[in-house]
Amino acid sequence: MINFSLSPEQLKIQEAARAFALQEVLPVAWRYDEKDELPLFIMKKAFDMGIMNITIPRKYGGPGYGLMECALIVEEISAACAGLATSIFDNSLGVEPLLLTKNEEARAKYLPVIAKDFKLISFATSEPTTGSDVAGIRCRADRDGDDYILNGTKYWMTNGGFADYYSIFATVDPTAGYKGICAFLVEKGWEGISTGLHIPKLGQRCSNTVGIHFRNTRVPKENVLAEPGQGFYMAMTAFARTRPIIGSFGVGAARTAMELAIDYAKRRRAFGFPLKEFQAVAFKIAEMYQKVETARLLTWKAAWEADSGQDPTITASITKFYATEAAFEVVDEALQIFGGYGYTRMYPIEKLFRDMRLLRIYEGTSEVQRVVVSRFAFDSYKPIMPALEDFPQFGHLDVHETPGETAWRCRMCGYVHRGQEPPDECPYCFFPKTAFKKVWPRE
Ligand SMILES: Cc1cc2nc3c(=O)[nH]c(=O)nc-3n(C[C@H](O)[C@H](O)[C@H](O)COP(=O)(O)OP(=O)(O)OC[C@H]3O[C@@H](n4cnc5c(N)ncnc54)[C@H](O)[C@@H]3O)c2cc1C
């Protein structure tokens with residue numbers, strides 16, 4: 001039986017994350033957004049509370065939770081500040097290559113440290129010249145004996161300015177496409193690493209975003225997480241596990257925008273009535289509620305697929321573009337309900353609006369998710385109904401009732417002709433006899 005209720009443990013996690021969001025994140029979020037600065041002490045508190053790195057297995061000192069628990073935590077934190085939610089959840093993206101690697105030695109070395117001490121780990125596929133096209137990575141990884149030497153720049157690295165470790169994707173040959181991509185665990189202090197200035201952003205200004213440059217940085221063979229050819233699949237598998245959670249970022253922030261809009265629509269009066277009395281406003285609230293609920297359901301389904309050992313790739317992509325677009329629509333409508341005040345920096349909606357805009361870009365843009373889903377629909381989806389040519393429309397039904405009759409269907413315009421032979425030419429679209437397919441009796 002399908003069950004949408006949370007377990008007692010999940011309810012506890014949700015309650016703890018909600019308390020953290022309300023007591024620690026919300027009071028500082030707008031100030032740090034203004035300062036365009038990551039409040040690192042909040043990250044440390046999240047770590048101390050046990051709501052960071054939660055996917056690290058127990059064997060390595062983590063709580064070994066699944067994506068469902070991540071979804072619960074991220075929704076609550078994002079409801080208070082999507083930027084801080086990004087910073088906190090980014091460690092789970094950063095550790096994903098360690099969870100996926102076959103390099104047990106690296107896993108055993110780094111995961112327990114990340115679980116035990118407050119260590120940040122950034123994830124980097126993106127570069128200044130390529131983001132969506134992961135196979136187009138140019139950062140070089142040249143073999144030197146068993147080691148690799150890194151040269152190049154990774155860009156847009158969340159938490160990169162504070163990270164102790166980096167999960168770096170590079171290529172042994174930029175002309176080899178996905179076959180050249182490999183992955184490494186790189187430590188901050190290694191020679192030849194420079195950190196760029198914090199990139200000033202429209203929103204999510206409580207999260208730190210930088211570029212990292214490598215000049216002849218040596219990576220020992222022990223730190224290879226994916227050999228050439230395996231790195232691309234590792235990145236895609238990691239995204240399939242993290243994209244559902246981007247849905248939770250949307251759900252959390254959209255929920256807050258909806259709550260603020262409900263509150264405002266009850267209090268603000270126009271033409272002598274509270275805004276909520278106008279159906280145009282009330283219906284906006286209904287649609288906001290609908291979007292928050294549907295986005296959450298989809299997010300939970302994707303998380304459940306991943307946690308139950310299924311491949312979540314397609315549901316993760318659907319979630320990524322549905323939930324993030326729905327969230328942006330909710331925030332946009334909330335701003336509309338607030339009228340002119342919604343557009344000011346004295347009311348909270350404008351930050352939600354700025355923060356939400358990013359969700360359609362990082363972890364694969366909305367367009368990239370549509371590429372993934374449309375490819376699946378065309379190439380791998382198994383239809384349940386008969387193919388178009390064999391689809392039994394009303395014209396064929398008469399034939400069923402007349403045993404012994406033969407019928408032909410024009411494959412161009414759909415006309416059904418009864419008779420032992422097809423006509424020389426279709427009387428509707430004038431296509432020749434060869435356009436006809438026998439539809440009855442079936443062959
Ligand atoms: C604040 C922030 C934080 C980030 N954090 C990280 C991080 O921690 N680690 C990391 O690796 N990256 C990170 N990113 C990078 C992010 O994942 C990329 O920005 C994103 O994947 C898009 O890549 P791009 O910016 O190079 O755009 P491009 O790939 O240049 O795309 C530009 C536009 O073209 C469209 N487009 C591209 N290809 C296609 C196609 N085949 N079909 C249709 N449309 C297409 C895109 O959808 C987009 O609209 C972050 C980005 C931001 C802004």
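Domain bounds in this description come from an automatic or database domain assignment. The structure is a predicted model, and the assignment for the protein gives domain 1 (8–116), domain 2 (121–231), domain 3 (235–379) and domain 4 (388–440). The shell of residues around the ligand draws at least three residues from each of two of these units, domain 2 (121–231) and domain 3 (235–379).

In total, 24 residues surround the ligand. G131, S132, W156, T365 and E367 are the closest of them. Among the secondary-structure elements, β1 (121–124), β3 (147–158) and α11 (366–379) each give two or more residues to this shell. By class, the shell around the ligand comprises nine nonpolar, 11 polar and four charged residues.

Strand β3, one of the contributors to the ligand shell, is also joined by five bridges to strand β2 (residues 140–144), and the two strands run antiparallel. Within this pairing, D144 stands opposite D147 in β3. The two strands form a hairpin in which two residues separate β2 from β3. In the turn, G145 has a positive phi of about 65°.

The relation between domain 1 and domain 2 was examined next. Their C-alpha centres lie 22 Å apart, and the contact takes 27 residues from domain 1 and 21 residues from domain 2. On the side of domain 1 that touches domain 2, the elements giving two or more residues are α1 (8–35), α4 (82–100) and α5 (104–116). Helix α4 provides the largest share of that side, with 13 residues. The residues of the side of domain 1 facing this contact divide into 15 nonpolar, seven polar and five charged.

Packing between helices is described by two quantities, the angle between the axes and the distance between the axes. For helix α3 (residues 67–80) and helix α7 (residues 279–307), the axes come within 8 Å and cross at roughly 150°. Since angles over 145 degrees count as roughly antiparallel, α3 and α7 are therefore roughly antiparallel to each other. The contact brings L67, M68 and A71 of α3 against T299, W300, A303, W304, A306 and D307 of α7. Seven nonpolar residues, one polar residue and one charged residue make up this contact of α3 with α7.

C410 stands opposite F436 in β13.

Most residues other than glycine have a negative phi, and most peptide bonds are trans. Against this background, D36 is a residue other than glycine with a positive phi, near 55°. D36 lies in the loop between α1 and α2 (40–49). A cis peptide bond, with omega of about -5°, joins W440 and P441. P441 is found in the segment after β13.

Conventions: Residues are numbered from 1 along each chain as its sequence is written. This is a predicted model: local features need pLDDT of at least 70, side-chain atom pairs count only at pLDDT 80 or more; totals for chains, interfaces and linings use all residues. Axes are lines fitted to C-alpha atoms, for helices over the stretch in contact, and angles run from 0 to 180 degrees between N-to-C directions. Helices (H or I, at least four residues) and strands (E, at least two) are DSSP runs, numbered from the N terminus. Angles under 35 degrees count as roughly parallel, over 145 as roughly antiparallel, 65 to 115 as roughly perpendicular and the rest as oblique. Two residues are in contact if their C-beta atoms, placed from the backbone, lie within 7 Å. Ala, Val, Leu, Ile, Met, Phe, Trp, Tyr, Cys and Pro count as nonpolar, Asp, Glu, Lys and Arg as charged, and the others, Gly among them, as polar. Two strands pair if DSSP finds at least two bridges between them. A residue is near a molecule or strand if its C-beta atom, placed from the backbone, lies within 6 Å of it.
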